[in-house]
Amino acid sequence: MKKILAIIGSPRKLGNCEIMAKEISNQLSIPHELNLLRLQDFKILPCRGCYQCLFTKEHCVLDDDLNIVLKAIVAADAYIVSAPTYFLGINASVKTFLDRGISFYAHIENLWSKPAVGVAIAGIEGKEGYSRLIIQSFLKMIFADDKNTKVVYGALPGEIFLNKENKQAAGELASALFGSRVEKKGPCCPQCGGDTFRFLDNNNVRCMLCSNSGIITLPSGSPTFEITKSHHDFFSSKEDALKHKEWLLGMKSRFIEHKKALKEITHPYLKQGTWIKP
Ligand SMILES: Cc1cc2nc3c(=O)[nH]c(=O)nc-3n(C[C@H](O)[C@H](O)[C@H](O)COP(=O)(O)O)c2cc1C
């Protein structure tokens, strides 16, 4: 029996995110056990950027619930991630958890390529901002295989299913979870399938999901992206993820090597300005 973990990024009980995840589970044709986890129920402190999790027995030094959540993610066979748009982004619980992602590198072998689907819920049609992109990034950062990620609209708790098409959307995500990945219909990054871009000078473009760059052309009126993989990829393959982990581990020796020069850069700024404290 497959163990499915629904990661809910909304504080609202029986809100749209929760019922969407449960509806996807309802429409799954394979027998499964559904476990749910509301990120707001857990004490997840902000990352301190100390990198100790890479070196201290691969364990974050902060005393909170990170490992409970991480353990549930490692134990699951597949994920449904459902989170609400807050101010054109995603609810902060998702990003706070994601910021602790260096701790995830200790588990690459157990996490790599588990199937996942994501839903970003927004109250106003077209006002989802970059919330779906963050859910896609979330799935990449937990090394999951993003089968399909959708935006669904509804503001009041339950409102998403006033629109019957959203039940159909849940069905499509359910079919994708253990099926083949849904290929993007419109223009997308040839490296990762992402469809959010930053437009740079001289027809250069960067994919905001995999951070690879290239050129945009309009050969027959519709955009085509020639994007190549950079030499420092995070997650295009398991090898890339492991290589990135090695690069992170190498930071310690790079820091020791350049410690004196770095201190000379930072020290003159030490006494500048007056800090406002709580
Ligand atoms: C603080 C806050 C900010 C929000 N910002 C947006 C927004 O920028 N765009 C939007 O479309 N909806 C926005 N919404 C609406 C929610 O995304 C929407 O109500 C969603 O259904 C909430 O999901 P839930 O029922 O699972 O909590 C916001 C809601 C809250 C509470």
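**Note on salt bridges, cores and the ligand site**

1. The side chains of Glu264 and Lys260 meet in a salt bridge, with 3.3 Å from N to O, where a salt bridge is a side-chain nitrogen of Lys or Arg within 4 Å of a carboxyl oxygen of Asp or Glu. The two residues are 4 residues apart in helix α9 (residues 251-266), so about one helical turn separates them; helices (H or I, at least four residues) and strands (E, at least two) are DSSP runs, numbered from the N terminus. Glu264 is exposed, with a relative accessible area of 51%, and Lys260 also counts as exposed, at 64% relative accessibility. Here buried means under 20% relative accessible area, exposed over 50%, and partly exposed in between, using a 1.4 Å probe and protein chains only.

2. Before reading further, please keep in mind that this is a predicted model, in which local features need pLDDT of at least 70 and side-chain atom pairs count only at pLDDT 80 or more, while totals for chains, interfaces and linings use all residues. Residues are numbered from 1 along each chain as its sequence is written, and side-chain values use heavy atoms, with hydrogens and water left out.

3. A search of the whole structure finds 10 salt bridges, and Glu18, Lys22 and Arg38 are linked in a network of them. Glu18 and Lys22 meet through their side chains at 2.7 Å, N to O, and both lie in helix α1 (residues 16-26), 4 residues apart, or about one turn of the helix. Glu18 is buried, with a relative accessible area of 9%, whereas Lys22 is partly exposed, at 31%.

4. The side chain of Arg38 also meets that of Glu18 in a salt bridge (2.7 Å, N to O). This pair links distant parts of the chain, with Arg38 in strand β2 (residues 32-38) and Glu18 in helix α1, 20 residues apart. Both Arg38 and Glu18 are buried.

5. What is the nearest side chain of opposite charge to Glu128, which is buried yet has no salt bridge? It is Arg132, 7.2 Å away, where Lys and Arg count as positive and Asp and Glu as negative, while His and the chain ends are not counted. Glu128 is placed in the loop between β5 (115-122) and α6 (131-141), and its side chain makes a polar contact with the side chain of Tyr153 at 2.8 Å. A polar contact is a pair of N or O atoms within 3.5 Å; within protein, one must be able to donate a hydrogen and the other to accept it, and residues adjacent in sequence count only if both atoms are side-chain atoms. Leaving aside neighbours within four places in sequence, Glu128 is in contact (heavy atoms within 4.5 Å) with Thr85, Leu88, Ala122, Val151 and Tyr153.

6. Of the 17 residues around the ligand, Ser10, Arg12, Asn16, Thr85 and Gly154 come nearest, a residue being near if one of its heavy atoms lies within 4 Å of the molecule. An oxygen atom of the ligand lies 2.8 Å from a polar side-chain atom of Asn16, and an oxygen atom of the ligand is 2.6 Å from a polar backbone atom of Gly154.

7. The largest nonpolar core has 36 residues, of which Ile7, Ile73, Tyr79, Phe97, Phe138 and Ile142 touch the most other members; such a core is a set of buried Ala, Val, Leu, Ile, Met, Phe, Trp, Tyr and Cys residues joined through side-chain atoms within 4.5 Å. A second, separate core of 23 residues includes Ile160, Phe161, Ala169 and Ala174.
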